[in-house]
Amino acid sequence: MFYKDTEHPPMQLRSSEGNHLGTFKQVLVYRYLGVPMHLRYGLNIFHSKRLEIVHRARSYSGSIISRAEDSWDPAEVANALWTNMATEAILYGCAVTNFTEGVMRELDSIQATVGAFILGVRRTCSHAAIRKELGWTSMSCKIYQRKLL
């Protein structure tokens, strides 16, 4: 990955004996441990990963709410799906991704939407009250914990 817009010829990879092993091309996008890295917007390599995480969170919240509504116990099913499956899938790769405060607030808001559904309260209810009642931590807190670990 190159930091300038200049064209570079492909880099030749050779063994210590001089045998040709392969070629590296200049790229602006690649995956590292399943996390897409983009070189654009002033080296903002995490821009697309942040968008992907927010999109994934919205998708999971809508899917969980619609599936839980038809279940035997909507609150229990939604809580189990959000805490055991969705948060893990949403936060995959967050330890190596740089998050903005806006993205973390948006993830907290999406989590509060699911929590409001579980508790049967309005979406305008305090996010802190929803988390406290359900025994959840904020998505921001989960991100920071994973980074520290």
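The secondary structure comprises five helices and four strands, taken as DSSP runs (H or I of at least four residues for helices, E of at least two for strands) numbered from the N terminus. From the N terminus on, the order is β-β-β-β-α-α-α-α-α. The model is predicted, so local features need pLDDT of at least 70 and side-chain atom pairs count only at pLDDT 80 or more, while totals for chains, interfaces and linings use all residues. Residues are numbered from 1 along each chain as its sequence is written, and side-chain values use heavy atoms, with hydrogens and water left out.

Of the 149 residues, 34% are buried (under 20% relative accessible area, 1.4 Å probe, protein chains only).

Helix H5 (residues 139–148) makes a handy case to look at. Its buried residues are Met139, Ser140, Lys142 and Ile143. Viewed down the H5 axis, these fall within an arc of 165°, so they line one face of the helix; the arc is that of the directions from the helix axis to the C-beta atoms. The buried residues of H5 pack against helix H2 (74–90) and helix H3 (101–119), where contact means heavy atoms within 4.5 Å.

H2 and H5 pack at about 60° with their axes 12 Å apart; axes are lines fitted to C-alpha atoms over the stretch in contact, and angles run from 0 to 180 degrees between N-to-C directions. On the H2 side, Trp82, Thr87, Glu88 and Ile90 meet Met139, Lys142 and Arg146 of H5. The residues of this contact divide into three nonpolar, one polar and three charged.

How values were computed. Buried < 20%, exposed > 50% of the residue type's maximum accessible area, 1.4 Å probe, protein only. Nonpolar A, V, L, I, M, F, W, Y, C, P; charged D, E, K, R; others polar.
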